[in-house]
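The following paragraphs lead the reader through a two-part account of chains, their contact and selected residues. Please keep the sequence and the coordinates in view while reading.

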Amino acid sequence: MAELDFERRLERLFSQSPEMPDAAAFAERIERKLDRGWNLRRWMIGAAGLSGGVVGASQLVMSNLFQRVESAEESARVLSQGLARVTPTTDMVSALSGGYGVWIAVGLAVLTMGVFAARLVEEF
Amino acid sequence: MPGTSTSFASLHDVELCSYAAAGERRAFGELVRRHGSAVRQLLRRMGAQAAEADDVAQDAFLAAFERIAEFRGEGTFAGWVKRIAARQYLRRLQREKRLAAIAAEEGGEDGETPGRLGGTDADHRMDLEEALKSLAPAERLCVSMCYGAGLSHGEAAEALNLPLGTVKSHVKRGLDKLRARLTPVPGVELEGRRSNG
């Protein structure tokens, strides 16, 4: 019984720790480390998202997309000529049916990847 | 969500853990402010030098933040971090090949009873630091792990990579020495007063 009492007292003594004078500085050091780690992680995920977006977009561009777009462009031109007879054409339609459309799509893809990366950062 | 560290100061540990699990680093900072000293003190009691204890405590808190979702609030947050810190300290000792030397080293004193005093818990806390110094390093490590970090003998044996029986022996010898030093002796305080008067 006395042994058990002593063990309890020892546990109590171990649990009593006076606050150290540099306790606040120690905590701030850890907070700074956490912030640094967090920023690094954010940059890495952002960079990974951006490079992924660029690679994805370049793959999109390289995969004979231009030829496909040109043929689609031709079809669109024919279609728009047909439509022009019915409704007046707008600048927007002609811009999208041209080469700009591809680059807008590429830009949107990169933006989407960026948003996705930002979302990932929020999740982690 | 609390916006400043002042408002975090009013929250319970479990609530702070929830915020920390959601990525709120200021909430975790408040937990470090509350329990940092206890964790650093435990590591010093295990035998680490002050700078080393601070390094290990820092690593332990960073690891705790990474694993905060694993903390279910079943025990205390301080106890959880202390166990992480104790294990990290042992890993460091193993990595630097100091653990085997500690296990082999004998203590300075052998259960003698110098400095048996009466007095309050605060006095005994001061005595605890001194009393722990009289233990063999392995005894000190085992006692601190079991009574300071709250590990069972089995967990301590596993962490120390020692047979369970060896750990139990270290703990028993360590307890005997500590008891001899820390148990108040009736009349000692009185005699001291008499001699002063």
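Helices (H or I, at least four residues) and strands (E, at least two) are taken here as DSSP runs, numbered from the N terminus. With that convention, E31(A) lies in helix α2 of chain A. The model is a predicted one, in which local features need pLDDT of at least 70 and side-chain atom pairs count only at pLDDT 80 or more, while totals for chains, interfaces and linings use all residues. Residues are numbered from 1 along each chain as its sequence is written, chains are lettered from A and ligands numbered from 1 in the order in which they are written, and side-chain values use heavy atoms, with hydrogens and water left out.

Chain A contains 5 helices and 0 strands, giving the pattern α-α-α-α-α along the sequence. Of its 124 residues, 21% are buried, where buried means under 20% relative accessible area, exposed over 50%, and partly exposed in between (1.4 Å probe, protein chains only). Chain A exposes about 8,900 Å², and carbon and sulfur atoms supply 64% of this area; accessible areas come from the Shrake-Rupley method with a 1.4 Å probe, and for residues only the protein chains shown count as cover.

Chain B has 11 helices and 0 strands. Buried residues account for 47% of the 197 residues in chain B, and its accessible surface comes to about 9,600 Å², with 50% belonging to carbon and sulfur atoms. Contact means heavy atoms within 4.5 Å. Among contacts in chain B between residues at least 6 apart in sequence, 65% link residues at least 24 apart.

One helix of chain B may be followed in detail. Helix α5 (residues 77–95) of chain B has 19 residues and spans 27 Å from its first C-alpha to its last, close to the 27 Å expected at 1.5 Å a residue; the expected span is 1.5 Å times one less than the number of residues. This helix, α5(B), is mostly covered, since 14 of its 19 residues are buried. Just after α5(B), K97(B) adopts a positive phi of about 55°.

The two chains meet through 29 residues of chain A in contact with 37 residues of chain B. The area buried between them is about 3,200 Å², of which carbon and sulfur atoms give 61%; buried area is the accessible area (1.4 Å probe) that two parts lose on being put together, summed over both. Across this interface the rule finds 5 salt bridges, a salt bridge being a side-chain nitrogen of Lys or Arg within 4 Å of a carboxyl oxygen of Asp or Glu. R33(B) forms a salt bridge with E31(A), the closest N and O atoms being 3.0 Å apart. Leaving aside neighbours within four places in sequence, E31(A) is in contact with R25(B), R26(B), G29(B), E30(B) and R33(B). E31(A) is buried, with a relative accessible area of 9%.

Helix α2 (residues 23–62) of chain A also holds A57(A), which is buried at a relative accessible area of 5%. Not counting residues up to four places away in sequence, A57(A) touches V106(A) and V110(A). A57(A) and A105(A) are 48 residues apart in sequence and 8.6 Å apart in space, C-alpha to C-alpha.

L108(A) belongs to helix α5 (residues 100–123) of chain A.
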